[in-house]
Amino acid sequence: MESKGQKKLIPPHNLSLEKVVLGAMLLESSNIDVIVDMLRPEIFYLKEHQEIYKAILSLYEDSDPVDLLTVEECLKRKKKLSMVGGVGYLVELSGLVGSSANLESHVRFLSEEYMKRSLISLSHKIQRKAYEADEDVFELLETSEQHLFETREHLISRDFEEIGISLPRVLKEMDRRRKAEKKEAVGVPTGFPNLDRLSSGWQPSDFIVIAGRPSMGKTAFALSILRNAAIDHGRPVAMFSMEMSGIQLIQRLIFAEAQLEPRQESSTDDWERIRKMQLKEDEWEQLVNRTKKLAKAPIFIDESPALTVPELRTKARRVKAKHGVSLIILDYLQLMRGETTRSFQGNREQEIANISRTLKALAKELDIPIIALSQLSREVEKRGGEKRPILSDLRESGSIEQDADVVIFLYRPEYYGIMQDNEGNPTRGIVDIILAKHRNGPTGKAQLKFKSEWVKFLPIEYSEVNEETETDLSPHKGDTPF
């Protein structure tokens, strides 16, 4: 209840501008073309103005002429003419406009007033919901944030852009790529020169899937990517880990950075001593000194188990807005859950399809690459030969292959007892990084060294682009190799 003498708050609005905007459309129908995509009926504060605009919009959408007489007739048919103030009010509106030069600016201002009213209304709804004892607080947070984000997106929504305006920006970006050092990474660098030459780094808005069977080193590869981007190139990176705790991930990063060597070469006992942190004083000093830069690195880790799609969206938007992250890594896709409010009736394939679509949409929305680790099906193990993975091995959903811009497989020949490649080179510690799908570039293969003792991937001195391999590496229909 309002206290005595308390001033009643009036929602933000500007009736004068509303009249000018309506009058401009009544006076000259060509003005509608300029603002129709920016203007919705609810942007007008007065109900009468909303009804007048609905009549104008109805005529415009039917390709009928829009003027004082046609709008009057339309309102008559809808039995709304007297409600809006009659013909006299329409005449008054059409006589208010001297020039339509600032019409777009007027509409933008009205949109901002509408946004303020929307925020006031939303805050009241949130308040009422928060008082309800049976309301799920996390669902309320997700719903509230989603509405806030939609309100913001409406305010900054983009219209068509002329190619003459876009072209200089695109040419500038192409020139930057052309001049990139050694023509390697122009996105977020992977930190591996041979892979950067093949992939050009992780590109904004790309959804990247890194897949492999267990023990292929997916998490170690992801941590190497994270480390290289954050420490070597100063790019803020966020990692969502549903399989390992934050402490475990940080311990792995510490070991990878410290690069402690056993005192007796190839001594299993000595490596076990290091893993158990039975370190001598000089080893401990080396570990501490080499990992100091980790403390300053722009790395953000979330260890929430079984993230849902709404939770991921919320956290990703927040970490992007607060810390300006340029890369998000998700470990791993199959541990995620779909929308909490949507029932997939036990259909895991549909749920994974929903998750992969969301990740692609989120990458585009945030304009950063999102990397998701993924398991491969057991079909790989059932095949004979080298057991190299192919795209159909992606587990649980063909939509992962469809939604992903890049699909990378990790393959360790020695895991399957293959100790030499076709040229007779030893395969111990070698991992094939198979670029099986690349929507905007070539497919192929790069090789990296995996140092299992440090749980770290390292560059090796050569790479190759495979045009013919036992794996299907050819561009898919619709893909555009450059």
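Does R412 count as what at 16% relative accessibility: buried or exposed? R412 counts as buried. Buried here means under 20% relative accessible area, exposed means over 50%, and partly exposed lies in between, with a 1.4 Å probe and protein chains only.

A word on the model. This is a predicted model, where local features need pLDDT of at least 70 and side-chain atom pairs count only at pLDDT 80 or more, while totals for chains, interfaces and linings use all residues. Residues are numbered from 1 along each chain as its sequence is written, and side-chain values use heavy atoms, with hydrogens and water left out.

Salt bridges next. The structure holds 13 of them. The criterion is a side-chain nitrogen of Lys or Arg within 4 Å of a carboxyl oxygen of Asp or Glu. R412 forms one with E414, at 3.9 Å from N to O. E414 is buried as well, at 19% relative accessibility. There is also a network: E72, E73 and K76 are joined by salt bridges that share partners.

Now R439 and D405. Their side chains meet in a salt bridge of 2.8 Å, N to O. This pair links distant parts of the chain, 34 residues apart. R439 sits in the loop between β7 (430-438) and β8 (444-451). D405 sits in the loop between α18 (398-403) and β6 (406-411). D405 is buried, with a relative accessible area of 4%. R439 counts as partly exposed, at 25%.

A quick note on labels. Helices (H or I, at least four residues) and strands (E, at least two) are DSSP runs, numbered from the N terminus.

E51 and K54 both lie in helix α3, residues 47-61. They are three residues apart, about one turn of the helix. An α-helix has 3.6 residues a turn, so residues three or four places apart point the same way. The E51 and K54 side chains form a salt bridge of 3.7 Å, N to O. E51 is buried at 14% relative accessible area, whereas K54 is partly exposed at 36%.

On to the strands. Where does β5 stand? Strand β5 covers residues 370-375, and six of its six residues are buried. I370, A372 and S374 point one way from β5. I371, L373 and Q375 point the other way. Strands pair if DSSP finds at least two bridges between them. β5 runs parallel to β1 (residues 207-212), with six bridges joining the two. In that pairing, V209 stands opposite A372. β5 also runs parallel to β4 (residues 327-331), through three bridges. There, the bridge partner of I328 is I370.

Next, helix α15, residues 309-323. Its 15 residues reach 21 Å from first C-alpha to last, close to the 21 Å expected at 1.5 Å a residue. The expected span is 1.5 Å times one less than the number of residues. Buried residues in α15 include V309, L312, A316 and V319. R313 and R317 are also buried there. Just after α15, G324 takes a positive phi of about 65°.

Last, the surface. V137, F138 and L141 form a nonpolar patch with about 340 Å² of accessible area together. Areas come from the Shrake-Rupley method with a 1.4 Å probe; for residues, only the protein chains shown count as cover. Patches take residues with over 30% relative accessible area and no salt bridge, joining like charges within 9 Å and nonpolar side chains (Val, Leu, Ile, Met, Phe, Trp, Tyr) within 5 Å. V137 lies in helix α7, residues 137-155, and counts as partly exposed at 49%.
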